[in-house]
Structures are given as C-alpha cells and as structure tokens.
Amino acid sequence: MKRWGGLLQVAVLVGFLLLYAPLLAVALYSFNAAEKGSVWVGFSLRWYAQLMADPETSRRAWEIREATLNTLQLGAVSTVISTILGTMLALGMQRFPWPSSLGKLLQVTIDVPVITPDIVIAAALVVGFNLLRFVSPLFDPGMSAMIIGHVTFQIAFVALVVRSRLVLMGPTLSEAARDLYASSWYHFHRVTLPLLWPAIVGGAMLAFTLSLDDFVISFFTCGPSSSTLPIYVYHSQLRGLRTDLFAVSTLLVMGTVVLVLTLERLTRWKRD
Amino acid sequence: MTERVVAYGHLTTRRALLAKGGLLMVGGIAWLASFLLLPGLILVLVAFLQRDPDGGITWAFSLDSFRQLFGITSSGLSAANLWIMLRSVALAVITTVVAVGIAYPMTFFIARAAPRKRLLWLSLVAIPLCTNLVIRTYAWKLLLSARLPPARLAAMLGWLEPGRDLLPSWSAVCIGMVSAALPFAVISLYPSIERLDRSLIEAAQDLYASPVRVFMQAILPQTLPGLSVAILLTFVPAMGMFVITDMLGGAKHWLIGNLIQHQFGQGRNVPYGAAMSLVLIALTLLGVYSSRRQAGRSAEVL
C-alpha cells in the first residue's frame with residue numbers, strides 16, 4: 001500500500017483544492033474596496049456594512065434582504081409540508097401488507113424524483129402549471145408554485161430516509177408494546193414516534209438542504225417578486241462580478257460552516 | 001379480505017389494515033400524482049403537439065419537435081443538435097469518471113483518519129455540498145478570471161494569452177462540473193469504504209498479489225454498492241446540467257440542459273423543449289442502466 005501513498009495524497013489535495021479554492025478566493029475578494037471586477041484595490045469592510053444598510057435607502061440591500069427572506073420562507077414551508085407527507089408515505093408503504101406488485105409501484109414512484117434530472121422535473125412542472133393556472137392562481141409563477149415544486153422532489157427523499165429507518169426498526173418492539181396492551185395511539189406516540197424521530201429530523205434536514213441547494217426548479221417556476229438568493233446571484237452575474245455578492249456568498253458559506261460544525265460537535269458529544 | 005391477521009402485534013383484519021395504510025399514504029400519493037405524474041404525462045403529450053407562431057401550443061399532433069431535434073428539417077439535415085446531445089453524454093461520462101476517480105482516494109483518506117477526525121473531514125466535504133451551485137459557480141467565475149493565479153499560471157505556461165480569462169472554455173466547464181460532483185461522490189462512497197474488510201486486503205498481500213490486483217480483487221468489489229450510488233449521483237445531475245455551462249461556458253458550450261432551458265425561456269418553443277426533456281430522460285436512464293449492468297458484470301468476473 002505504501003507505493004500508493006503519494007498518489008493518494010495528491011488526489012486528496014486536488015480534491016480539497018477543487019472544493020475550497022473558489023470559496024477562499026471569494027472570501028478574500030469580499031474585502032476588496034472595488035465595487036466590481038477582479039482588480040484588487042484595497043482592503044475594505046464596506047460591502048459587509050452595506051448589507052446591513054437601511055433597506056429604505058439602499059436598493060441593493062433591500063433586494064438582497066428580500067431574496068434571503070424568500071429563500072428561507074421557501075425552504076421552511078416546503079420542508080414542513082414534505083416532511084409530514086413523506087413520513088406518512090413511508091409509514092404507509094412499510095407497515096402494511098401491500099401486494100408485492102403495488103409495493104414495487106410505490107418504490108418506483110419515490111425513485112423517480114431521485115433519478116430524474118432536475119431540469120426535466122422543472123420542465124414538467126412548467127407545462128403542468130400552465131394548465132393548472134386556469135384552476136387556481138396558486139399555480140401562477142411565484143412563491144406558491146415554487147413551494148409546490150420543491151415539495152414534489154423533497155417528498156421522495158424524506159420517504160427514502162424514514163423508510164430505511166423503519167426497515168431497521170422491525171416489528172419486535174411494536175409487538176412487545178401490543179402484548180402489553182398498548183392502544184394504537186399509545187403505541188404510535190410512545191413507541192414508533194420516539195424511535196423514528198431521528199430519521200424524521202434527518203429527512204427534514206435533507207429536505208431543507210435540497211431546497212437551499214435548488215436553483216433549476218425555482219428558476220423555472222419563480223415570479224417577478226419571488227426571486228431567491230441563487231436566482232438573484234444568477235441574474236446579476238450576467239453583468240459582471242459584484243463585490244457585494246462576494247460578501248453575501250461568504251456570509252452564506254460561513255453560515256453553513258457554523259451549522260455543519262455545530263452538528264458535528266453535537267453528534268460527537270452524543271457519542272462520547 | 002376479512003381474514004384476521006396480526007400486524008406489528010395487533011390483531012386486525014386485512015381490510016382494516018389496508019384502509020389504514022391507504023389513509024396514511026393518500027396525501028403523499030395525491031401530491032405526487034398531481035404534481036409529478038400528471039405534469040409528466042402532460043409533458044409527454046405536449047412533445048407531440050405543435051407550436052403556434054406566438055409561442056403558444058396548438059392542439060394538433062405532430063412529430064416536428066422530434067424531427068427538429070434529430071436535425072431533419074425542410075432544408076436538409078443538420079447535425080448541430082445531435083452534436084450537442086453527444087457532447088452532453090460525453091461530458092457527463094468524463095465528469096463522472098474524473099469526480100469518482102478523485103473522490104475514491106479522498107474517501108479512502110477520510111476513512112483511514114482517526115475516528116474523531118473522520119467526522120471533521122466529512123463535514124469539510126459537506127460544507128460545499130450544502131452551498132448552492134450558483135454560488136459555487138459564481139466563485140469559480142472569480143477564481144478563473146484573468147488576474148487570479150490559475151489564469152496567470154496558464155499564461156506563464158503559454159496555454160493562454162496573458163490578460164485573458166480562463167473562461168468561457170471547456171476546461172472551465174469541466175473543472176466546474178467535477179468540483180460540483182465531487183462531494184456527492186465522496187458522501188456516497190464513504191459508507192462502503194469505511195466498512196471495508198481489511199483482512200481480505202491483508203490476505204491478498206500475504207499471497208503476494210500485486211498492488212493492482214489487491215485493488216481490483218480485494219478492494220474494488222467490496223465498494224461496488226457505494227460506487228454505483230456515486231455514479232448515479234454524479235451522472236444524473238451532470239446530464240441535465242445547465243447552470244455551469246451557462247455561467248462558465250457560453251453559447252458555444254451548450255449542453256442539452258441549456259437547449260431545454262432556452263426553449264422554455266427566450267426560445268418560446270414549449271413542444272420542442274418537452275421533446276428534448278424526453279430525450280434527456282431516455283439518455284439518462286440508458287446511462288444509469290448500462291453502468292449498473294457494467295457494475296454487475298465486473299462483480300461477477302471478480
């Protein structure tokens with residue numbers, strides 16, 4: 001194995017460079033005094049200060065704040081809906097004696113959103129919403145249409161996570177509870193739910209991450225006033241590199257770093 | 001249907017059980033039926049309709065979109081779209097191979113680290129994973145611009161005229177796509193590589209197997225489940241990619257994803273876009289299926 005050591009180290013270095021070099025460059029340039037472009041003018045904190053500026057006077061600060069709020073609203077609402085629906089779907093799929101053909105069909109249904117390129121889901125949603133718009137204004141391009149789109153791909157992922165936990169749990173504890181005369185509700189409330197809780201939280205976190213990660217589905221279904229941060233960045237990059245957006249990106253990455261490292265600490269603490 | 005059954009320790013009838021299960025699933029199934037199945041069917045239908053002059057849809061059957069897609073026009077054959085489809089597949093394969101190729105040793109390195117450090121390394125992989133692709137690609141746009149080290153290095157080596165950006169170019173697109181796929185590959189490979197049975201590797205070494213043989217026969221077969229997930233999670237997004245080619249490439253670097261996006265946006269030709277989406281799904285499924293078969297076959301050989 002020793003012979004491969006050098007090659008291994010090179011690959012690890014290249015891999016982490018590919019992941020972090022661009023993010024470090026952005027963090028560095030977010031302190032650039034120039035308003036745009038990649039010419040280093042001097043150190044300045046003004047782009048961070050400007051993000052905190054009064055939205056009434058600064059148009060950009062207002063736009064960025066709106067986009068951030070839209071992103072969080074979209075993520076939160078779609079996560080709540082998809083976690084509830086996905087968990088119920090997983091429970092229904094796993095715990096009942098469906099004929100095997102129906103079981104397979106259900107399996108395919110939750111596999112489809114996972115192996116379909118997101119642009120195809122987005123295209124289908126656009127075409128479908130164009131017809132459904134005649135039924136309800138809910139399907140007009142905008143926040144409600146984006147939420148529906150996000151829930152559609154999140155359900156499958158939540159169901160996958162919850163279902164794998166249900167398979168691991170097996171029937172023994174439920175059987176024990178029933179033998180001890182637990183009622184249906186008591187059994188669900190005191191046996192199933194506490195055991196399933198980590199998977200439900202995990203599924204919800206995955207759903208929220210997927211929502212934050214999504215650009216294509218939001219881009220296809222958004223309206224004029226429901227732009228999310230990725231959509232805002234996408235539109236403004238067409239006109240060149242803006243230093244204030246480097247500052248926004250850096251704050252976003254820092255937020256993720258804090259979140260991920262906190263989770264890492266929490267799991268380590270729990271294990272110890 | 002009324003025979004008594006015991007499910008999860010509860011004595012009940014089959015009918016009551018199925019009713020209860022159905023009730024649990026009705027929300028999710030109804031949601032997926034109305035917002036995934038129905039739109040999917042409409043998409044298939046629309047692909048066989050015609051576009052009217054002002055960008056709407058005419059309810060008349062036609063194969064125009066598919067003819068256009070495969071380059072059969074009234075003015076003769078045009079290979080432009082076929083070429084775009086071909087390079088979408090080629091680029092997705094390259095991205096998958098390179099990303100999995102880098103991710104494999106990275107995951108090995110993480111799995112061999114001290115147990116307390118493993119989670120930290122994994123978190124370092126998860127941070128880019130949780131950062132939106134548009135933001136990460138925006139970052140590449142900065143890093144590959146003329147004044148930063150990569151472009152200067154390329155200019156020094158004579159690969160690039162001094163003062164030019166590294167983009168738009170195919171190399172920029174490839175770098176962006178590999179770095180986008182990398183965390184997915186690592187995360188899906190990790191469970192298999194962490195659980196690797198070391199005694200098999202030691203046994204192979206004791207029997208004087210060459211390093212290549214140790215890898216091919218003692219390591220690789222054990223990691224095939226993770227490998228197939230990694231291939232799936234890198235290949236599928238790469239096939240439908242349009243953000244990276246749009247931001248780091250340009251009109252000359254279009255993939256099938258850009259074509260689809262264009263039809264739904266400025267191109268205003270929804271039937272054509274729908275037809276392309278169907279072709280994209282077909283190509284993706286073909287890729288996934290053939291990689292699974294390949295994996296299955298190599299597992300048999302080993």
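The paragraphs below lead through a predicted model, beginning with chain B as a whole and ending with a few individual residues.

Chain B contains 13 helices and six strands, and its C-alpha atoms fill a box of roughly 80 × 70 × 35 Å along the principal axes. Its radius of gyration is 25 Å, whereas a compact globule of 302 residues would have a value near 19 Å.

In chain A, the feature "transmembrane region" is placed by UniProt at residues 7-31, 74-94, 114-135, 147-168, 188-208 and 245-263. The span 7-31 of chain A is 92% helix and 0% strand, with its end C-alpha atoms 36 Å apart, and the span 114-135 of chain A is 77% helix and 0% strand, with its end C-alpha atoms 29 Å apart. A further unreviewed UniProt annotation, "domain: ABC transmembrane type-1", covers residues 68-263 of chain A; over that stretch the chain is 81% helix and 0% strand, and the end C-alpha atoms are 23 Å apart. For chain B, the UniProt annotation "transmembrane region" covers residues 21-49, 84-107, 119-139, 169-190, 223-244 and 270-289. Among these, residues 119-139 of chain B are 86% helix and 0% strand with end C-alpha atoms 26 Å apart, while residues 223-244 of chain B are 82% helix and 0% strand with end C-alpha atoms 30 Å apart.

The contact between the chains takes 74 residues from chain A and 75 residues from chain B. On the side of chain A that touches chain B, helix α1 (residues 5-29) of chain A provides the largest share, 13 residues, and the residues of this side divide into 51 nonpolar, 14 polar and nine charged.

The largest nonpolar core comprises 146 residues, of which Ala123(A), Ala103(B), Leu182(B) and Ala185(B) touch the most other members. Helix α7 (residues 170-194) of chain B supplies the largest share of this core, 14 residues. Because domain 1 (4-61) and domain 2 (78-300) of chain B both give residues to the core, it lies between them. Ala123(A), when its neighbours within four places in sequence are left aside, is in contact with Leu43(B), Ile260(B), Phe264(B), Gly273(B), Ala274(B) and Ser277(B).

Val5(B) lies in strand β1 (residues 4-7) of chain B, and it counts as partly exposed because 13 other C-beta atoms lie within 10 Å. Apart from its neighbours within four places in sequence, Val5(B) is in contact with Thr12(B), Thr13(B), Arg14(B) and Leu17(B). Val5(B) and Ala218(B) are separated by 213 residues in sequence and by 46 Å in space, C-alpha to C-alpha.

Some backbone details lie in loops of chain B. The peptide bond from Leu167(B) to Pro168(B) is cis, with omega near 0°, and Pro168(B) sits in the loop between α6 (149-156) and α7 of chain B. Tyr208(B), in the loop between α8 (198-206) and α9 (211-219) of chain B, has a positive phi of about 60° although it is not a glycine; it counts as exposed because it has 7 C-beta neighbours inside 10 Å. Arg268(B), in the loop between α12 (256-264) and α13 (270-301) of chain B, likewise has a positive phi, near 45°, in a residue other than glycine, and with 14 C-beta neighbours inside 10 Å Arg268(B) counts as partly exposed.

Definitions and conventions
Residues are numbered from 1 along each chain as its sequence is written. Chains are lettered from A and ligands numbered from 1 in the order in which they are written. This is a predicted model: local features need pLDDT of at least 70, side-chain atom pairs count only at pLDDT 80 or more; totals for chains, interfaces and linings use all residues. UniProt positions are given in the numbering used here, feature names are shortened, and annotations may be inferred rather than shown by experiment. Helices (H or I, at least four residues) and strands (E, at least two) are DSSP runs, numbered from the N terminus. The radius of gyration is taken over C-alpha atoms; the globule rule is 2.2 Å times the number of residues to the power 0.38. A nonpolar core is a set of buried Ala, Val, Leu, Ile, Met, Phe, Trp, Tyr and Cys residues joined through C-beta atoms within 7 Å. A residue is buried if 20 or more other C-beta atoms lie within 10 Å of its own, exposed if 12 or fewer, and partly exposed in between; C-beta atoms are placed from the backbone. Domain bounds come from an automatic or database domain assignment. Two residues are in contact if their C-beta atoms, placed from the backbone, lie within 7 Å. Ala, Val, Leu, Ile, Met, Phe, Trp, Tyr, Cys and Pro count as nonpolar, Asp, Glu, Lys and Arg as charged, and the others, Gly among them, as polar.
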